Amino acid sequence: MTSNTLTTTKPTPPTPEIVSRLLHTLGDPDPARGAEDITVVGADPLVPSVHRLADAMSAAIGVFGRQTAAVGEQRGHRHQRVEVQAGAAIDQLMATYHTTLSGRPLGVLLDDPALLGNNDFYRARDGRWIFIITAYPHLRDAVASVLRCPLDKVGIAQAAAGWNAFTLEEAICARGGVACAVRTRDEWFAHPAGRYVAQRPVVEIERVGDGPVRPFEPIGEADEALAGVRVLDLTHVIAGPVAARLLAQFGADVLHLSRPDRPDPIPMIAMTGGGKRNAYCDLRDDHDRAAFYDALQDADVFMHSYRGLARHGASTEELVRRRPGLITLEYHGWGADGPWAERGGFDQLACSATGFAMEEWTDRPSVPPTYLLNDYLAAYLGAAAVATVLRRRAAEGGSWRIRVTLAGVCHWVQELGLLAQEDVLDLPRPGRAPLAALSTTGTDFGPLTEPATPFTYSGRMIPQPGRRTPLGSAALQWR
């Protein structure tokens with residue numbers, strides 16, 4: 001299989017144009033004026049990638065900051081301009097690698113670091129590549145049941161070499177695991193799942209029912225913009241939890257829910273749990289589902305990143321019937337109802353499917369030099385959409401659904417155009433040293449050091465992420 005990295009660059013819009021288009025996608029009433037309130041200091045290329053990583057992330061961060069400030073202005077705050085440092089945007093994409101807990105990298109604190117370390121591209125018998133993920137025990141077990149090999153990189157590589165890539169992809173996914181054969185961009189757009197994703201904007205916002213107008217209550221200058229907004233957060237891994245953490249950072253009351261039998265690792269909770277309370281909730285259990293419905297009656301936002309919630313009475317349609325005016329934020333890998341709707345999605349799989357990994361090719365397909373891309377972009381895009389829809393609900397009422405897909409985020413970055421290879425190849429690869437500032441806060445798990453908030457306001461201090469608490473330490477109810 002040969003590389004499809006383009007030798008010519010695509011036209012690349014300037015960052016203000018990216019911001020304006022993104023605000024338009026979110027339904028901002030005046031996207032041009034909104035874009036004027038956002039300044040990005042620095043631009044691509046900052047790292048050896050042909051994709052516009054810094055520009056894309058800077059735009060998403062700036063739009064979140066601006067939309068949150070706009071909520072604050074509607075509640076009595078002074079007008080704010082937003083400034084984003086492009087280097088800090090790159091650090092956000094690498095937050096998992098820049099974050100330490102009690103001085104130790106998050107990876108070494110996992111119960112089984114090998115689960116994450118085995119995630120990689122493997123060459124198949126037909127010469128193609130496939131990305132295999134074993135990051136959680138149930139995903140590891142699915143891969144083991146198919147490959148029947150020692151679950152280390154050597155064993156997986158030897159076993160994968162005996163399969164055709166597409167056959168192995170199907171076999172692992174059929175067992176409940178996740179894997180994706182590496183495709184070129186043309187191959188992806190020829191695939192039904194690729195065509196499905198390509199037809200949709202990077203953030204889908206839909207009014208799905210009636211609901212009361214819920215105007216914002218005035219707040220004082222010392223209050224955060226989202227004070228009083230209640231968010232039920234049924235998400236895991238990175239994209240959804242980080243989006244909820246962003247809302248909590250700006251004052252939302254976030255109640256994170258997790259199944260007790262499939263918790264995220266403690267280091268992930270420490271990283272993504274700022275400002276949240278944590279309750280156990282298993283929607284398969286009648287008691288937990290009743291408590292969830294009780295909490296729903298006072299919720300403004302429900303976010304989730306799970307498939308199959310409709311089977312447990314938690315589809316958007318059922319929830320807005322029970323709570324008219326609710327805003328739901330759904331995270332999907334490949335789309336909610338497309339050909340791959342039932343497949344699990346991870347950041348690296350989206351890069352593999354969409355041609356992104358082939359465009360990053362050197363001697364093999366590659367994830368971006370920041371390692372992650374879609375998770376953190378999706379987090380900021382989803383949080384920005386929530387702030388925007390809160391504004392729309394305050395003006396026109398309604399019940400709303402927001403959808404963000406990891407593959408769609410990849411599409412969006414690719415559509416910004418490619419940089420010339422000769423302009424990026426000699427740039428240093430980002431490492432453990434951040435490009436911007438770090439901040440350290442105390443948590444129930446120990447001191448946590450992480451990239452600082454990547455934007456500033458012109459006349460207001462940015463709040464720090466709040467306290468991190470253990471899973472199950474709160475009741476499934478509002479304070």
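Biologist: In what order do the three strands of the open sheet lie?

Modeller: This is a predicted model, in which local features need pLDDT of at least 70, side-chain atom pairs count only at pLDDT 80 or more, and totals for chains, interfaces and linings use all residues. Residues are numbered from 1 along each chain as its sequence is written, and side-chain values use heavy atoms, with hydrogens and water left out. Strands (E, at least two residues) and helices (H or I, at least four) are DSSP runs numbered from the N terminus, and two strands pair if DSSP finds at least two bridges between them. The pairing in this sheet is mixed, and the order of the strands is β1-β2-β17.

Biologist: Which are the edge strands of the sheet?

Modeller: An edge strand of this sheet pairs on one side only. That holds for residues 38-41 and for residues 455-457, which are the strands β1 and β17.

Biologist: By how many degrees are neighbouring strands of this sheet turned against each other on average?

Modeller: Each axis is a line fitted to C-alpha atoms (for helices over the stretch in contact), and angles run from 0 to 180 degrees between N-to-C directions. For the neighbouring strands of this sheet the direction is ignored, and the average turn is 20 degrees.

Biologist: How many of the eight residues of α4 are buried?

Modeller: A residue is buried under 20% relative accessible area, exposed over 50%, and partly exposed in between (1.4 Å probe, protein chains only). The buried residues of α4 include Ile-90, Asp-91 and Gln-92, and what covers the buried residues of this helix includes β1, β2, α3 (53-74), α5 (95-98), α18 and β16. The helix is thus mostly covered, and the number of its residues that are buried is eight.

Biologist: How much space lies in the largest cavity?

Modeller: On a 1 Å grid over the protein atoms alone, a cavity is a set of points where a 1.4 Å probe fits but cannot get out, and its lining residues have an atom within 4 Å of a point. Grid points are joined across faces, edges and corners, and the volume is the space filled by probe spheres set on the points. The structure holds four cavities of 30 Å³ or more. In the largest cavity, the space is about 120 Å³.

Biologist: Which element gives the most to the lining of the largest cavity?

Modeller: Of the 16 lining residues, those closest to the centre are Gln-92, Arg-245, Glu-450, Pro-451 and Ala-452. Two or more residues come from each of α12 (239-249), α18 (374-396) and β16 (448-451). With three residues, the element that gives the most is α12.

Biologist: How many salt bridges are counted?

Modeller: Side chains of opposite charge can pair when their charged atoms come close. A salt bridge is counted when a side-chain nitrogen of Lys or Arg lies within 4 Å of a carboxyl oxygen of Asp or Glu. One network of salt bridges links Asp-28, Asp-37, Arg-66, Arg-81 and Arg-391. By this rule the count is 35.

Biologist: How many residues apart are Glu-169 and Arg-343, which form a salt bridge?

Modeller: The closest N and O atoms of Glu-169 and Arg-343 are 3.3 Å apart. Glu-169 belongs to helix α9 (residues 165-174), whereas Arg-343 lies in the loop between β13 (327-332) and α16 (347-353), so that the pair links distant parts of the chain, and the separation is 174 residues.

Biologist: Why does Phe-121 count as buried?

Modeller: Phe-121 lies in strand β5 (residues 120-123). Leaving aside residues up to four places away in sequence, it touches several residues, among them Trp-129, Phe-131 and Val-367. Phe-121 counts as buried because its relative accessible area is 5%.

Methods
Contact means heavy atoms within 4.5 Å. On a 1 Å grid over the protein atoms alone, a cavity is a set of points where a 1.4 Å probe fits but cannot get out, and a pocket is an open set with protein on both sides within 12 Å along at least five of seven lines; lining residues have an atom within 4 Å of a point.
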